[in-house]
Amino acid sequence: MSFIKVDNYNELEALGESYGGVYVPTLAEKCLDRKFLAPFKGFAVGNGYLDQKLLGNSWLQFVYYHGLVDTPLWEKLVEECCHDGTKLRKCDFVGSEKKSCQKLIEKVNKWRKLREKCNCIIFVHPDSQQL
C-alpha cells in the first residue's frame with residue numbers, strides 16, 4: 001500500500017493491490033470516520049483480493065478459458081462441482097463439499113503451485129492430456 005501526496009502535503013490518497021482490496025477500503029473508511037486533519041481525497045485498488053469464494057470460483061474459470069486446463073478435466077469439474085452445468089456463473093466450485101469436486105480442484109491447483117515454484121508462465125493447450 002502507498003500513501004501519495006496530492007498537490008500538497010495536506011491531501012491523502014490510499015492505494016493498494018492484491019490484499020490491499022481488504023485493507024485499503026478499511027483504512028479509507030477509518031479516515032473518513034475520524035476526519036483526519038489531512039483531507040482524504042480517495043483510494044484505489046488494483047487487482048484486489050475482495051472475496052475468497054468469488055476469486056476461487058472465477059480463478060477456476062480463468063484457468064480453463066486461458067487454456068491452462070484441458071477440456072476433459074474442465075467437464076469433469078463442472079459435472080462434479082456444479083448443480084446445473086448450464087449456469088456456470090452461479091457454480092460454487094470452492095464451496096462444494098463433494099470429495100470428488102475437491103480432488104479435481106486440487107488437480108487444477110497443481111498448475112498454480114508449479115507456476116509459483118518456477119516463477120514462470122505455463123501454457124498448456126486446451127486439448128492436451130497433461131493433467
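This is a predicted model: local features need pLDDT of at least 70, side-chain atom pairs count only at pLDDT 80 or more; totals for chains, interfaces and linings use all residues.
User: What is the chain made of, and what order do its elements follow?

Analyst: The chain has 4 helices and 3 strands. Along the sequence the pattern reads β-β-α-β-α-α-α.

User: How confident is the predictor in this chain?

Analyst: The mean pLDDT is 76. In the chain, 71% of the residues reach 70 or more. Among the elements, helix α3 (residues 71–81) has the highest mean, 90. Strand β1 (residues 2–6) has the lowest, 52. Over residues 121–131 the pLDDT is below 50. Beyond near neighbours in sequence, that stretch still has 32 contacts in the model.

User: Why is Ser96 called buried?

Analyst: Buried means under 20% relative accessible area. Ser96 has a relative accessibility of 13%, so Ser96 counts as buried.

User: Where is Ser96, and what does it contact?

Analyst: Ser96 sits in the loop between α3 and α4 (99–118). Setting aside neighbours within four places in sequence, Ser96 contacts Glu80, Cys81, Cys101 and Gln102.

User: What makes the pair Ser96 and Lys98 a polar contact?

Analyst: The cut-off is 3.5 Å between N or O atoms. A polar side-chain atom of Ser96 lies 3.3 Å from the backbone nitrogen of Lys98. That distance is within the cut-off, so the pair qualifies.

User: How far apart are Pro39 and Leu12, in sequence and in space?

Analyst: Pro39 and Leu12 are 27 residues apart in sequence. Their C-alpha atoms are 6.2 Å apart in space.

User: How do you know that the span of α2 agrees with its number of residues?

Analyst: Helix α2 covers residues 52–65, which is 14 residues. At 1.5 Å a residue, α2 should span 20 Å. Its end C-alpha atoms are 20 Å apart, so the two values agree.

User: Which residues of α2 are buried, and why are they said to line one face?

Analyst: The buried residues of α2 are Gly56, Asn57, Leu60, Gln61, Val63 and Tyr64. Seen down the axis of α2, they fall within an arc of 165°, so they line one face of the helix. The face turned away from the buried side carries the exposed residues Leu54 and Tyr65.

User: What is found at the start of α2 and just after it?

Analyst: At the start of α2, a side-chain oxygen of Asp51 comes within 3.0 Å of the backbone nitrogen of Lys53. Just after α2, Gly67 takes a positive phi of about 80°.

User: Which residues touch the most other members of the largest nonpolar core?

Analyst: They are Trp74, Leu77, Leu88, Phe93 and Val108, out of 17 residues in that core. The elements giving two or more residues to this core are α2, α3 and α4. Helix α3 gives the most, with 5 residues. A second, separate core has 6 residues, including Leu12, Ala14, Cys31 and Phe40.

User: What does Trp74 touch?

Analyst: Not counting residues up to four places away in sequence, Trp74 touches Leu60, Gln61, Tyr64, Tyr65, Val69, Leu88 and Phe93.

User: How much of the whole chain counts as buried?

Analyst: Of the 131 residues, 33% count as buried.

Methods: Residues are numbered from 1 along each chain as its sequence is written. Side-chain values use heavy atoms; hydrogens and water are left out. The expected span of a helix is 1.5 Å times one less than its number of residues. Buried means under 20% relative accessible area, exposed over 50%, partly exposed in between (1.4 Å probe, protein chains only). The arc is that of the directions from the helix axis to the C-beta atoms. A polar contact is a pair of N or O atoms within 3.5 Å; within protein, one must be able to donate a hydrogen and the other to accept it, and residues adjacent in sequence count only if both atoms are side-chain atoms. pLDDT is the predictor's confidence in each residue, from 0 to 100. Contact means heavy atoms within 4.5 Å. A nonpolar core is a set of buried Ala, Val, Leu, Ile, Met, Phe, Trp, Tyr and Cys residues joined through side-chain atoms within 4.5 Å.
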